[in-house]
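Here's a quick walk through this model, from one residue out to the whole chain. Have a look at the structure first, then read on.

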Amino acid sequence: MSSASASDPQSPRPVPAADRPRPKPKLVFDDPLDQQSSDDTDRGWGERPPAGGSAADLARFLDEKPPHHI
């Protein structure tokens with residue numbers, strides 16, 4: 001039987017998350033040009049996902065209509 005009580009100052013207590021040291025960020029040595037950026041996708045350029053249907057076609061037409069065609 002242990003002689004240590006719950007109020008023993010030497011007993012290990014959990015350290016609060018704010019007091020724990022943060023782990024250092026990992027160094028990544030991958031080639032960044034091998035990864036796809038958001039500009040490589042239609043979404044990165046503000047394109048809508050393909051919806052289909054005549055209402056979606058009309059909305060796209062109205063959004064992409066040049067100002068001199070008003």
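Let's start with Leu-58, which sits in helix α1, a stretch covering residues 54–64. Keep in mind that this is a predicted model. Is Leu-58 buried, exposed or partly exposed? Its relative accessibility is 49%, so Leu-58 counts as partly exposed, given that exposed means over 50%.

Now for the charged side chains. Arg-60 and Glu-64 join up in a salt bridge, with 3.0 Å from N to O. Both residues belong to helix α1 and are four residues apart, or about one turn of the helix. The count of salt bridges comes to one. In general, side chains of opposite charge can pair when their charged atoms come close.

Here are the two accessibility values side by side:

| Residue | Relative accessibility | Class |
|---|---|---|
| Leu-58 | 49% | partly exposed |
| Glu-64 | 47% | partly exposed |

Zooming out, the protein chain has one helix and zero strands. Of its 70 residues, 0% are buried, where buried means under 20% relative accessible area. The chain exposes about 7500 Å², and carbon and sulfur atoms supply 56% of that area.

Definitions and conventions:
Residues numbered from 1 in each chain as written. Predicted model: local features only at pLDDT ≥ 70, side-chain atom pairs only at ≥ 80, totals over all residues. Heavy atoms only, no water. Helix = DSSP H or I, 4+ residues; strand = E, 2+ residues; numbered from the N terminus. Buried < 20%, exposed > 50% of the residue type's maximum accessible area, 1.4 Å probe, protein only. Salt bridge = Lys/Arg side-chain N within 4 Å of Asp/Glu carboxyl O. Areas by Shrake-Rupley, 256 points an atom, 1.4 Å probe, with all protein chains shown as cover.
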